[in-house]
Amino acid sequence: MLADPPHQYQQLQNMDAEEDEGVVQNTESEPNFTWREAITKTAFYQLWFIYLFNGQGIQFVSGLYKAYGQSFIKDDHFLAIVGSLAAVCNGSGRIMWGHLADKYSFRLAMMLSCGSFAALTLSFGLTSLSGKGLYLIYVCLLFLCFSGNFSLLPTATSKAFGLRNYSIIYGLVFTASVITSPIGAILSDNLKSVIGWYWMFIMCAAFSLISVIISFKFNVRKSNGQHI
């Protein structure tokens with residue numbers, strides 16, 4: 001049911017946007033890489049590895065937050081409420097992180113997202129000492145933090161490589177999940193019973209800190225010299 005708007009409507013939109021403080025730039029100056037060109041760029045692999053490392057934490061938290069809660073909370077109804085509220089944070093967080101990226105930059109927003117997730121994961125074990133309230137807050141904040149991946153990575157891909165071949169290029173970035181999913185499943189099933197919850201938290205935080213470093217190194221800029 002989707003269709004492109006009429007050509008006259010597109011022209012009218014562009015004229016209105018240009019009058020509004022020159023928001024729309026000349027499309028000829030925007031990047032439009034083919035997928036073959038994109039995979040030769042450092043920025044592509046930086047985005048790919050950010051997705052790979054962040055995916056481990058996302059897989060762990062979204063899959064095992066309830067199992068961890070059940071180790072000290074025996075109220076299944078409460079855990080169901082936690083999951084529902086976390087889903088709301090997951091959805092609303094994408095808007096928040098997208099707004100931050102638009103206002104400042106992808107680089108800053110991703111560093112904040114990954115850094116916050118790492119800090120929360122490192123201290124997640126404290127919730128077993130404080131009871132239900134702190135556990136609820138932590139789970140909601142964790143979902144809020146990792147939700148940024150699903151708005152920031154598509155945005156960075158389109159801004160770095162252009163919209164013309166965005167679909168296939170982002171599809172290639174998304175192939176990181178081919179590795180993330182099985183590794184996450186193996187770590188969750190086998191490693192947790194060996195090293196325990198706290199070392200799993202530390203490991204997930206380490207993955208996120210690697211993403212912070214990669215994000216800091218991400219250096220794609222607009223024509224005015226600012227980070228995308």
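Visitor: Hi! What secondary structure does the chain come to?
Guide: The chain has ten helices and zero strands. Helices (H or I, at least four residues) and strands (E, at least two) are DSSP runs, numbered from the N terminus. Residues are numbered from 1 along each chain as its sequence is written. This is a predicted model, where local features need pLDDT of at least 70, side-chain atom pairs count only at pLDDT 80 or more, and totals for chains, interfaces and linings use all residues; side-chain values use heavy atoms, with hydrogens and water left out.

Visitor: And what box do the C-alpha atoms fill?
Guide: Taken along the principal axes, that box is roughly 60 × 35 × 35 Å.

Visitor: Which residues does UniProt list as "transmembrane region"?
Guide: In the unreviewed entry, UniProt lists 43–65, 77–97, 109–129, 135–156, 168–188 and 194–216. UniProt positions are given in the numbering used here, feature names are shortened, and annotations may be inferred rather than shown by experiment.

Visitor: How do residues 43–65 look in the model?
Guide: That span is 100% helix and 0% strand, and its end C-alpha atoms lie 32 Å apart. For residues 168–188, the end C-alpha atoms lie 31 Å apart, with 95% helix and 0% strand.

Visitor: Which residues get the domain label "Major facilitator superfamily (MFS) profile"?
Guide: UniProt, again in an unreviewed entry, lists residues 43–228 for that domain. In the model, the end C-alpha atoms of residues 43–228 lie 12 Å apart, and the span is 84% helix and 0% strand.

Visitor: Switching to packing: at what angle do helix 3 and helix 4 cross?
Guide: The axes of helix 3 and helix 4 (residues 76–103) cross at roughly 150 degrees and come within 11 Å. Axes here are lines fitted to C-alpha atoms, for helices over the stretch in contact, and angles run from 0 to 180 degrees between N-to-C directions. Helix 3 and helix 4 are therefore roughly antiparallel to each other. Angles under 35 degrees count as roughly parallel, over 145 as roughly antiparallel, 65 to 115 as roughly perpendicular and the rest as oblique.

Visitor: Is that crossing of helix 3 and helix 4 left-handed or right-handed?
Guide: The helix 3 and helix 4 crossing is right-handed. A crossing is left-handed if the near helix is turned anticlockwise from the far one by less than a right angle, and right-handed if clockwise.

Visitor: What about helix 3 and helix 5?
Guide: Their axes come within 12 Å and cross at roughly 30 degrees. That makes helix 3 roughly parallel to helix 5. Helix 3 passes helix 5 in a left-handed crossing.

Visitor: And where does helix 5 stand with helix 8?
Guide: The axes of helix 5 and helix 8 (residues 149–161) come within 10 Å, crossing at roughly 155 degrees. So helix 5 is roughly antiparallel to helix 8. Their crossing is left-handed.

Visitor: Now the voids. How many cavities of 30 Å³ or more are there?
Guide: Two. On a 1 Å grid over the protein atoms alone, a cavity is a set of points where a 1.4 Å probe fits but cannot get out, and lining residues have an atom within 4 Å of a point. Grid points are joined across faces, edges and corners, and a volume is the space filled by probe spheres set on the points.

Visitor: What lines the largest cavity?
Guide: Its lining includes Q56, F60, M203 and F207, and its volume is about 50 Å³. Helix 10 (176–217) gives the most to that lining, with seven residues. The lining divides into six nonpolar, four polar and no charged residues. Ala, Val, Leu, Ile, Met, Phe, Trp, Tyr, Cys and Pro count as nonpolar, Asp, Glu, Lys and Arg as charged, and the others, Gly among them, as polar.

Visitor: And which helix gives the largest share of the second largest cavity's lining?
Guide: Helix 5, with three residues. That cavity has a volume of about 40 Å³, and N54, S113 and F146 are among its lining residues.

Terms used. 1 Å grid on protein atoms, 1.4 Å probe; cavity = no way out; pocket = protein on both sides within 12 Å on 5 of 7 lines; lining within 4 Å.
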